[in-house]
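Me: I have a structure open and want to get my bearings. Can we go through it in short questions and answers?

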Amino acid sequence: MSQRIVIDPITRIEGHLRIDVEVDGGRVQNSWSSGQMWRGIETILEGRDPRDAWIFTQRICGVCTTVHAISSVRTVEDALGLEIPLNAQYIRNMILIAHALHDHIVHFYHLSALDWVDVTKVLQADPRRAASIAEGLSPWRRNGYREMAAVKDKIQAVVNSGQLGIFTNGYWGHPAMRLSPELNLIAVSHYLQALEYQRKANQAVAILGSKTPNIQNLAVGGVTNAINLDNQATLNMTKLFTVQNLLKEVAEFVQQVYVPDVIAVGSQYPEWLGYGAGVTNYLAVPDLPLDAAATTFDLPGGVITNRNVAGVRRIADWNDAQFRERTVESIDRAWYKGSWSRHPYEEETVPDYTDFQDNGKYSWVKAPRLDGQPMQVGPLAQVLVGYATGHEPIRRWTDAALSQISSMAGAQVGVDALHSTLGRHAARAIRAAVLSELAPKHWQLLVDNIGSGDTDIFNEPVFPKGEIRGVGMHEAPRGTLSHWAIIRDGAIANYQAVVPSTWNAGPRDERGQMGPYEASLVGNPVADAELPLEVLRTIHSFDPCIACAIHTADPEGHELSAVNTVNSCG
Amino acid sequence: MTAITVIGLGNVLTGDDAFGPYALNTLAAQYDEPDGVSFCDLGTPGLDLVPHIAGADALIVLDTVKMKAPAGTVRCYRKEDLVARGPTPRTNPHQPTLADTLLLLELQGLAPSEILLVGVAPERYDTGAPLSAAVRAAVAPAIALAIAELERLGATMHLRDEAAPADIWWEAVASTRAAAAG
């Protein structure tokens, strides 16, 4: 007899991500990933001025504001064939780096660390031992006894007050939790410190973007940060030095805390380097352009199919013909009218809701495909592509991480182990480390360029009569993001956003091929069907962001996640 | 001086979920921002709320609230109402935000000691739709509650010398377009 487990996180009006798995013999046999919300943002943009589109797309998702803003201006610039000034390129790059660092830190510590860390065990920890272990893992200056003892006291105080709140995740004492009390204490102390560094990264975005969470400084054709190094009201040296210092502090945290923590946790759960691979086709697009015309980049792009990392096909720039021409979205299993696979330029968005049908339509998320294949996107895709194409910082950080995991786990762990649940966490930490090194580089590029006397920030867009088309690409924290627009007589005629979580969380297609979330769950162990912690571990490793729209406070009702287990025969 | 942060939460592109930003922007258009007070339209930031709230002595939140009451009903909640229920595992970064944020800040010693959530029951979440009539009618009473709280906390509220129109850009552009098309 198999059991059906439904993890439906939100019971309010518009739901988010729902995961169904069938478990038999302690393993997942089948799975479905379903987005429980219709967005239809495209319809809002029709007829609007393309220069305003980014202000709207920035509001698609409250967490991914910056990335949708950047992709949108790039889309219109691509359609116009419009280059942007070097200063604008570097300022955008700095914002993207700071945002990504912020996002990766929040993901690991505040969204997923509690899948691996059991906070109650902190109370059994010896702070002196914890400090000595932590000091052996990293030179981080805030790993001392005082810090550890203070965190233990804080947790004790919270437990005593009965206000467990944030840590009441229901999975304490789960048999799949295995860290020692001391490692739990170290992780919780870093969990709290991570909040400070999240704020610092956010401050850097706010200074460059004029505001967060919704930045104000973009324009089709460049940025609006007037540059005058001696003027209080503009982007000046004082502001630039503040940004430099903030990002330096964030870089230290990433390199000395985040990366070692992922390695330490990973070495305690080595079997999770064997679960969760799923779809082993990967896609990443190049980002952080180094010139005005975007011909060279600091982050690599490429396509890997069927686990064949060595056989990577490089995506050199944003003119890549395969990505531009062979990206489609399938609605065969999604709640839209019909059963087509279409290029984003040719899509229409006509909802057609049925019930949740295992063998029919079951999700609001479409299923993107590249050359007919599902693709996994995200930091793992970019790290594998970079590793295969000899990207120096990615190779260096990856080799160092794998060798440390190997020595701590007492077994040889190679690149192949990255096709896994923990591999996605490791890759995200590696990407964060690489970005933390690129931050001072792009800061220097900007300062040197301004120093050469160039203060240009904007090239005026001019819209032709007739139809133009463009795609804006961005390698966002959750992976490849693309916006696609048709502009007719200077107004938007069609707009589609193919977001990272669509690639990863999408349903099956007309050929029955599962999406990455679905495929990654099959074969995973589930020790206790009432508490399917293992399913959450794998889904969280993708850094899901399905919601991107509805938010309603709910102090009265049930905002809580529901885990329903249903017995079913056959 | 008491540092007070007033925030509007919600997605402006999805019908009544725009209530928070709508009310916040209306308040900011009518009143000067007093010293020590900051008005922020934050959208739906999930845990990114943390940096915007950290260190404030008092917090006032304008947001839609799922409640068993007719659309447009205005209800107030205090800190203890918000942290009463423990959150559960998240599956994405949007999920329960306010309660989690407050507890994280509590552990850091940076949580506001006074909180007022002015909540309004929504009617519909249609993409691109303006506020429903019921929720629009709740904007003025909700703002009045926020102002009463600001004054109770010691802020001196002054109406702007020249009333500025509220910056409801997401509705304004739509109506311009409709006018042009008509």
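Me: How many helices and strands does chain A have?
Reply: This is a predicted model. Its chain A holds both types of element, with 15 helices and 18 strands.

Me: Why does chain A count as compact as a globular protein of its length?
Reply: The globule rule gives 25 Å for 570 residues. The radius of gyration of chain A is close to that value, so the chain is as compact as a globular protein of that length. The radius is 23 Å.

Me: What share of the residues of chain A is buried?
Reply: Buried here means 20 or more other C-beta atoms within 10 Å of the residue's own. Of the 570 residues of chain A, the share that counts as buried is 58%.

Me: Which residue takes a positive phi in the hairpin of E2(A) and E3(A)?
Reply: Strands E2 (residues 17-24) and E3 (residues 27-35) of chain A run antiparallel, joined by 8 bridges. Ile19(A) stands opposite Ser33(A) in E3(A). The hairpin has 2 residues between the strands, and the one with a positive phi near 60° is Gly25(A).

Key:
Residues are numbered from 1 along each chain as its sequence is written. Chains are lettered from A and ligands numbered from 1 in the order in which they are written. This is a predicted model: local features need pLDDT of at least 70, side-chain atom pairs count only at pLDDT 80 or more; totals for chains, interfaces and linings use all residues. Helices (H or I, at least four residues) and strands (E, at least two) are DSSP runs, numbered from the N terminus. The radius of gyration is taken over C-alpha atoms; the globule rule is 2.2 Å times the number of residues to the power 0.38. A residue is buried if 20 or more other C-beta atoms lie within 10 Å of its own, exposed if 12 or fewer, and partly exposed in between; C-beta atoms are placed from the backbone. Two strands pair if DSSP finds at least two bridges between them.
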